[in-house]
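My notes follow in the order I looked things up.

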Amino acid sequence: MESALVLGAGGITGIAWHLGVLAGLRDAGVDLTGADLVVGTSAGSITGTLVAAGIDLAEAQRIEARMGDADPPIRPDWERGTAAFAALTDTTMEAPAIRRTVGRLALEADVVAEEPYIGSLTRRLPLHEWPARPLLITAVEASSGDPAVWDRGSGVPLDRAVAASCAVPAIFPPVTVDGRRYMDGGVRSGTNADLAAECARIVVLAPLAPVRMHGAPAAEIEALRERSKVALVAPDEATLAALGPNVFDTGRWAAAIDAGVAQGSRLAPEVAAVWHS
C-alpha cells in the first residue's frame, strides 16, 4: 500500500477536528479520504471507520455528538482516572508496566455498564459492518497490557472494536471481545502511527500531540521518516483554544470542525508535499 491516513485519539472534539481538517484539506485540493490504509485509535477509530467506508465528510459532520435521553450518563471514576493519567505520564516506568497498571485501574473503575456504553457509541455510526477498504483499529487488553490491532479479517464485530478502542480508562468500561476485556488503544500510543510503516506516504492527524506522552507521536514520526514521507498535523494554538480543555465537550463540536477546516486549509501545501509526492 502506498498511502496511509493515521487518525489519533482525542475524544469528541478530536473527532470533530479530524473531520474539519480532512474537509479543509480536501477543499484545498488535498483529499486524504482515498488513503490505501486507514489506522484509527480511540476517537480515530470512529473517524477512520467513516473515512474507510466512504462516508461523505459533510454527512459525517452531522453525527449526533450530544448525549440524548436514551444514552447512559458519563460517570467517570475520578480517583482511578487520575491514577491512570499519572501512570501514562510516568517517565520512570516501562511501557508494558504502564499498560498493565492502567488496565488494572480500568477494570476496577466504577463507571457506566459495558453494554449501554457500546450501544450509545455505536448507534452514532452509520454502518455496522467492516468497510472493504483496509482499516486497522487499535486497543489494549486490560489484564495483560498487550496491544491489539483488528481489521476486517479479525472476526471482531466492528461495533465492539470501535467501542474498545474508545474505552478511555476510568471513564468508559473495558469492552469484552472473545472473553477478554479491552481498553482504549491510546493507552499504547495516541496515534499508533508505526502500524503504517509499510506505506510510502503517511499523514498523521493527532489531536493530542501536544500532550506528548512517552515521546508519541514525535518518536513514532521520526522512525517512520527513515523510510517514508510523513506529515504530522497537530492542533495549533488557535485550534487548541477552539477545542477547549475537555475533549468530551459536545458543545464545542461545531467550533472544533470550523477550527479544523481553517487549519486544514492553512496546512494544505505542507500536506500536499507528502501526499502528492
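**Helix α1 against helix α10**

I started with helix α1 (residues 11-27) and helix α10 (residues 253-275) in this predicted model. Their axes lie 6 Å apart and the packing angle is about 40°. That makes α1 oblique to α10. I also noted the handedness: α1 passes α10 in a right-handed crossing.

Next I listed who makes the contact. From α1 I have I12, T13, I15, A16, W17, L19, G20, V21, A23, G24 and L25. From α10 I have W253, A256, I257, G260, V261, Q263, G264, S265, L267, A268 and V271. I sorted the residues of this contact by type: 15 are nonpolar, 7 are polar and none is charged.

**L25, from the α1 side**

I picked L25, which lies in helix α1. Is L25 buried or exposed? L25 has a relative accessible area of 1%, under the 20% cut-off, so I count it as buried.

I then checked what L25 touches, setting aside neighbours within four places in sequence. The contacts are V30, L32, G264, S265, L267, A268 and V271. S265 sits 240 residues from L25 along the chain, yet their C-alpha atoms are separated by 5.4 Å.

**Helix α2 against helix α7**

I moved on to helix α2 (residues 43-52) and helix α7 (residues 158-165). Their axes come within 7 Å and cross at roughly 145°. On the α2 side I found S45, I46 and T49; they meet L158, V162 and S165 of α7. By type, the residues of this contact split into 3 nonpolar and 3 polar, with no charged ones.

How many residues of α2 are buried? I get 10 of the 10, so α2 is largely enclosed by the rest of the structure. I wrote them down: A43, G44, S45, I46, T47, G48, T49, L50, V51 and A52. After α2 comes G54, with a positive phi near 80°.

**Strands β1 and β2**

I looked at the pairing of strand β1 (residues 3-7) with β2. The two run parallel and are joined by 4 bridges. L7 has G40 of β2 as its bridge partner.

Then I asked about the faces of strand β2 (residues 37-40): which residues lie on each side? L37 and V39 are on one side, V38 and G40 on the other. All of these are buried, and both faces of β2 are covered. For reference, side chains in a regular strand alternate between the two faces of the sheet.

I found β6 (residues 180-184) paired with strand β3 (residues 135-141) in antiparallel fashion, through 3 bridges. Here A139 stands opposite D184 of β6.

β6 also pairs with strand β5 (residues 175-177), again antiparallel and through 3 bridges. In this pairing T176 stands opposite R181 of β6. β5 and β6 form a hairpin with 2 residues between the strands.

**Two positive phi values outside glycine**

I checked D178 first. D178 is in the loop between β5 and β6. Its phi is positive, about 55°, although D178 is not a glycine. Is D178 buried or exposed? I read a relative accessible area of 72%, over the 50% cut-off, so D178 is exposed.

N192 was next. I located N192 in the loop between β6 and β7 (201-205). N192 is not a glycine either, and has a positive phi of about 50°. With a relative accessible area of 1%, N192 is buried.

**L224 in helix α8**

My last stop was L224, in helix α8 (residues 218-224). L224 is buried, with a relative accessible area of 4%. Which residues does L224 touch, not counting those up to four places away in sequence? I noted A193, D194, A196, A197, I202 and V230.

I also took a distance from L224 to L32. The two are 192 residues apart in sequence and 18 Å apart in space, C-alpha to C-alpha.

Key. Residues numbered from 1 in each chain as written. Predicted model: local features only at pLDDT ≥ 70, side-chain atom pairs only at ≥ 80, totals over all residues. Heavy atoms only, no water. Axes fitted to C-alpha atoms, helices over the stretch in contact; angles between N-to-C directions. Parallel < 35°, antiparallel > 145°, perpendicular 65-115°, else oblique. Left-handed = near helix turned anticlockwise from the far one by under 90°. Contact = heavy atoms within 4.5 Å. Nonpolar A, V, L, I, M, F, W, Y, C, P; charged D, E, K, R; others polar. Buried < 20%, exposed > 50% of the residue type's maximum accessible area, 1.4 Å probe, protein only. Pairing = 2+ DSSP bridges.
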